[in-house]
Amino acid sequence: MIPKNDELIEYLIPETASGTIHYRDRRMLVFGADALGLLRKNLIETLGVVEGSMILWKFGYAMGYRDAVNLKESEKPSDPEAWLRAGLHQWALLGWAAVHIKSIKIDKKDCTFEMESEWLNSYEAEQHRLHFGKSEDSVCVTLTGYIYGYASAVMECDVFFVEKKCRARGDDRCLVTGSAEFDKDSEEARLVRGVMEKHEIDYDALSRSVSESTGNIRRLIHELKAQEEKVKTLETQLFYLQETSTDASELLGANPAFKRALKNARTVAASDSTVLITGETGTGKELFARYIHAHSPRAGRPLVTVNCAALPAGLVESELFGHEKGAFTGAVQRKPGKFEIANHSTIFLDEIGELPTETQTKFLRVLQEGEFERVGGTQVLRTDARVIAATNQNLERLVEEGKFRADLFYRLNVFPIGVPPLRDRGGDIVRLVNFFVQKYNRKFRKRITSISGESLESLKNYDFPGNVRELQHLVERAVLLSEGEVLSIDVPGGGASAAASVGEFAAASSAAPSTLEQMERRYIEEILRRTNGVIAGRGGAAEILDLPPSTLRSRMKKLGIK
């Protein structure tokens, strides 16, 4: 009747690695006491002592009742006491606790049951002390539930069990008594009611509470994700604040056309109108955009700049509108687009004429409706971004050639500002040269006090295909290489003799470049050579060129500089 240790082991060992273990035709599971102890700990911490203990008690009751029924079906015991002892012995063999029955009285006919027993090496008392320390109450609720269920199945009537002593509360042993009848005023009955009646769980209320908590958790997760998106956007905006400047002090000039453009910029700045800035490369279109933003109500937020010409065609939409995780190969996480980042601020789209035709429709929707979707997404997002666009191309001609949407052009051309080329601003050249000399004097810690008359004459006669940007680079290079107080500037094809300091660079270049792009490439290469290839950081090429490192790297890539 009572299984032996080797019999149980024989039952438990599977014949093949089928992933199942059976004992008396029942599938069994073998797991560690520490794992069940952690589950027990989490139940009590999550639901509270009373609710957690009730679930553990019901778990033990179900196991005990089921074990008794299965043992009866397989062994068909005729003696209730042997039936009870067999179950308790099996319980001990499985490692839950050893039960020593001190006294027992059983009569199934009239449901008489009295038993006093000691529980030795209770796993439950051990795990409770491990996770919670010493307890004020008895804690072997799973074991008590087990014997309650088992004995009730044997007797076919309710048998109550109470743990009167417990090692978890410092007693020398776990003492459990059982009876089919309890005086309702006895200590045993009070203890039973304390678990079974006094603290009866309202499972409907508990279910509602869990459902409400789950809803709150989901809401908090949603809010957390929204806050994470906001933090990412703010981090990106901080990057733009660090990488760009709204200083437009270089907008110097007395030329009537230039002064008219600056006045128009000042006028439109106070509104939210879309602005289209036109002009040749290097005339200062981005400076005008910064000036407009700096004098607008949105000046407290960063100006978000996008160079449409520097973006690969396949990544333009992702850059402008963002993308969802998995939208394309390499999209390992969600990324906000520039329109999303520029919400309540200003976005400057440089070289708008390079925008792919397939993207122009989506761009027009943002201008008209303020709506867009991320690449790979379905959620409609809104943005309140003011748009300033710039181009060195003739958009009207592009419209005629079918390369630019007519409706987009008219939507952009609300307030056009034309920036004149430097060759039409002859009187402004000296003023700009003086400004740049002072700027780079401070930056490179030079002591230049004047500019050679020959250099000024050459500058006045030069056509400046690269406009103000080219002039700035010429002055910067000359200041960087100068060694005296009088500055000489080497003007391409200008007929001015090169000073010894500039001659070093000219010799290294082997020949004067014939185009602005060649000159720019040679100049950047010379700076990189002097910094030993260092781009970012103090003393790096980006600092010398007064450019953000990312902008310099983009320019190097376009010029083919490695």
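How many salt bridges does the count come to by the rule used here? The count comes to 25 salt bridges, a salt bridge being a side-chain nitrogen of Lys or Arg within 4 Å of a carboxyl oxygen of Asp or Glu. The model is a predicted one, so local features need pLDDT of at least 70 and side-chain atom pairs count only at pLDDT 80 or more, while totals for chains, interfaces and linings use all residues. Residues are numbered from 1 along each chain as its sequence is written, and side-chain values use heavy atoms, with hydrogens and water left out.

Start with one of those bridges, the pair Lys108 and Glu156, whose side chains meet at 3.8 Å, N to O. Lys108 sits in the loop between strand 3 and strand 4, and Glu156 in the loop between helix 6 and strand 5, so the pair ties together parts that are 48 residues apart in sequence. (Helices, H or I with at least four residues, and strands, E with at least two, are DSSP runs numbered from the N terminus.) Lys108 comes out as partly exposed, at 29% relative accessibility, whereas Glu156 is exposed, at 57%. For these labels, buried means under 20% relative accessible area, exposed means over 50%, and partly exposed is in between, using a 1.4 Å probe and protein chains only.

Another bridge pairs Arg173 with Glu118, at 2.3 Å from N to O. This pair also links distant parts of the chain, with Arg173 in the loop between strand 5 and strand 6 and Glu118 in strand 4, 55 residues apart. Both Arg173 and Glu118 are buried. Glu286 is partly exposed, with 28% relative accessible area, but Arg290 counts as buried at 16%. Some bridges share partners, and in this way Lys102, Glu118, Asp172 and Arg173 are joined into one network.

On to the cysteines. A disulfide is a covalent bond between the sulfur atoms of two cysteines. Here a disulfide is called when a pair of cysteine sulfur atoms lies within 2.5 Å, and the count comes to 1. That link joins Cys111 to Cys157, with 1.7 Å from S to S. The link is right-handed, with 80 degrees about the S-S bond.

What about Cys140, which is in no disulfide? Its nearest cysteine sulfur, that of Cys174, is 4.0 Å away. Cys140 is buried, with a relative accessible area of 3%. For Cys166, the closest cysteine sulfur is in Cys140, 4.1 Å away, which is too far for a bond. Cys166 is buried too, at 0% relative accessibility.

Next come the nonpolar residues. In soluble globular proteins, nonpolar side chains tend to be buried together. A nonpolar core is taken as a set of buried Ala, Val, Leu, Ile, Met, Phe, Trp, Tyr and Cys residues joined through side-chain atoms within 4.5 Å. The largest such core has 39 residues, and those with the most contacts inside it are Leu84, Phe113, Trp119, Tyr150 and Phe161. Several elements give two or more residues to this core, among them helix 3 (49-75), helix 4 (80-93), helix 5 (123-132) and strand 6 (174-179). Helix 6 gives the most, with 9 residues. Apart from this core lies another, of 37 residues, including Leu422, Val468, Ile527 and Ala542.

Finally, some helix packing. The axes of helix 2 (residues 33-47) and helix 5 come within 10 Å and cross at roughly 60 degrees. Axes are lines fitted to C-alpha atoms, for helices over the stretch in contact, and angles run from 0 to 180 degrees between N-to-C directions. That angle makes helix 2 oblique to helix 5, since angles under 35 degrees count as roughly parallel, over 145 as roughly antiparallel, 65 to 115 as roughly perpendicular and the rest as oblique. Helix 16 (residues 429-444) and helix 18 (residues 467-481) pack at about 45 degrees, with their axes 9 Å apart, and are therefore oblique to each other.
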